[in-house]
Amino acid sequence: LFPTVSPFHSQNPFGGAFNGTTQTFGSGYYATPVALVNSNSDQQVDYIRGVGGFRGSFGALGKTWDWDLAAQYSKSDGKYGGNFFYNDRVEATAGYYALFGADARGNTIGAARTFGASTGNCDTAILISATACPTGGISWFSPDFLTNGVLPAGQMEFLQGYEQGQTEYIHQYVEGSISGELFNLPAGPIGAALGFQIRKEEIDDQPGAEQQRNNLWGSTAAGRTKGSDTIKEAFLELELPILRDLPFFDRLTANLSGRISDYDSYGTSDTYKVGLNWQINSQFRIRSSYGTSFRAPALYELFLANQTSFLGQANVDPCRNWGTSTNQRLQQNCAADGVPATYNDPGSSALIVTGGGAGILEPETADALSVGLIWTPSFVDLSIAVDYFDITVNDQVAQFGSANILSACYNSENYPNEALCTLFTRDKNPASARFNQILTINDSYVNISEQQSKG
């Protein structure tokens with residue numbers, strides 16, 4: 001599908017007379033030629049992984065201790081490609097410009113590009129790609145194109161290209177642990193395990209050059225996503241026998257564990273877990289645990305270069321036709337922003353920008369509680385367990401969603417000081433063809449969600 005061509009284009013068979021300021025749609029229409037073209041995309045991922053290590057045992061404190069040391073290296077190398085249309089070439093040949101001298105990107109066009117001036121030849125003023133234009137330009141309104149959707153081979157080759165991007169992800173670590181028994185208590189020996197891990201993760205996604213400079217017609221754009229993180233961790237776990245062979249206490253043991261993690265990307269975090277296992281008698285046992293955990297933001301969430309997409313005004317703007325709304329706060333805030341009560345311009349799509357949150361994102365954290373009763377009757381081969389759990393995850397990494405950002409802004413009691421109101425821009429220029437439309441929305445990754453699970 002090719003760009004909508006202005007009614008003022010000299011070759012538009014559906015155009016009409018231009019009276020100097022406006023175009024009456026009763027006598028002139030925008031036209032959208034449709035080209036039948038082959039679309040191709042491909043992807044190939046090469047992956048390698050190597051793991052090596054040693055393990056053994058040694059004696060200490062009168063006990064036998066086991067140890068292991070291991071290292072891993074893995075690399076994923078993906079190449080992806082596809083064909084596309086050069087945005088600058090389409091604009092330069094399609095006579096694609098709007099009212100009052102603005103091109104498809106909203107850029108002001110000089111005197112050399114006035115209404116009706118384009119004749120289908122290449123407009124070198126905005127032609128970025130260093131490729132000679134086909135003689136005579138593009139046959140947008142030739143009978144063969146209008147009837148069959150076919151352009152001459154040379155013209156299609158000029159408009160269409162193919163490029164390849166590459167994504168590389170590297171994961172490497174070294175880790176070691178020691179486990180054994182420390183000493184004996186009246187109820188039994190204390191078990192212990194301690195260890196460490198050092199790992200490094202790297203990501204480098206390089207879209208094609210034309211995509212990086214936002215020169216793909218009718219398509220979203222992406223920049224280079226590159227970053228790395230180094231993590232150093234140490235952990236300790238103890239198994240403590242507390243009571244044994246007593247009335248109502250066949251066995252009572254506790255498990256204590258903790259881990260400290262240091263991330264280059266945001267700093268240090270610690271987590272822990274406390275568990276209790278109470279064997280009342282041969283038939284009944286109670287188990288419970290409480291612990292914390294966290295998830296560091298992924299490299300993609302941290303270092304994603306700004307990517308773009310599009311949504312229609314009706315999908316994102318709650319102020320459209322706010323005069324018919326029964327929401328008084330919405331009415332008040334939209335009016336305060338200068339949006340007319342009857343505003344209903346479908347307009348051009350809003351540009352949605354999504355990027356990473358390096359320097360802003362914090363890790364997700366969680367608290368988990370569980371309590372369970374296990375019954376193993378002696379008179380039948382059967383085991384029944386009933387468990388209760390309560391898990392809460394805080395500060396989950398997510399995106400607000402474009403429509404949610406605007407809705408929360410215009411429904412806020414703190415308008416216009418609501419922080420979400422800073423994440424989008426509305427055209428405030430009365431002389432602009434996009435007056436009152438939403439221009440851009442920043443929908444990047446943030447710590448925003450909470451999730452709870454009980455059962």
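I looked up Tyr 73 and found that its bridge partner in β5 is Gln 172. The model is predicted, with local features needing pLDDT of at least 70 and side-chain atom pairs counting only at pLDDT 80 or more, while totals for chains, interfaces and linings use all residues. Residues are numbered from 1 along each chain as its sequence is written, and side-chain values use heavy atoms, with hydrogens and water left out.

I then followed the strands (DSSP E runs of at least two residues, numbered from the N terminus, as are helices, which are H or I runs of at least four). Strand β2 (residues 63-85) runs antiparallel to strand β5 (residues 160-185), and 20 bridges join them; two strands pair if DSSP finds at least two bridges between them. On β5 I also noted antiparallel pairing with strand β6 (residues 188-206) over 18 bridges, where Glu 175 has Gln 197 in β6 as its bridge partner. A hairpin through two residues joins β5 to β6.

Next I turned to the nonpolar cores, each a set of buried Ala, Val, Leu, Ile, Met, Phe, Trp, Tyr and Cys residues joined through side-chain atoms within 4.5 Å, where buried means under 20% relative accessible area (1.4 Å probe, protein chains only). The largest has 18 residues, of which Tyr 410, Phe 424 and Ile 441 touch the most other members. Two or more residues each come from α7 (328-336), β12 (350-354), α8 (402-410) and β16 (438-442), and α8 gives the largest share, four residues.

For Phe 424 I listed contacts (heavy atoms within 4.5 Å): leaving aside residues up to four places away in sequence, Phe 424 touches Ile 405, Leu 406, Cys 409, Tyr 410, Ile 438, Thr 440 and Ile 441. A second, separate core holds 11 residues, including Val 90, Phe 145, Phe 158 and Leu 159.

Key. Buried means under 20% relative accessible area, exposed over 50%, partly exposed in between (1.4 Å probe, protein chains only).
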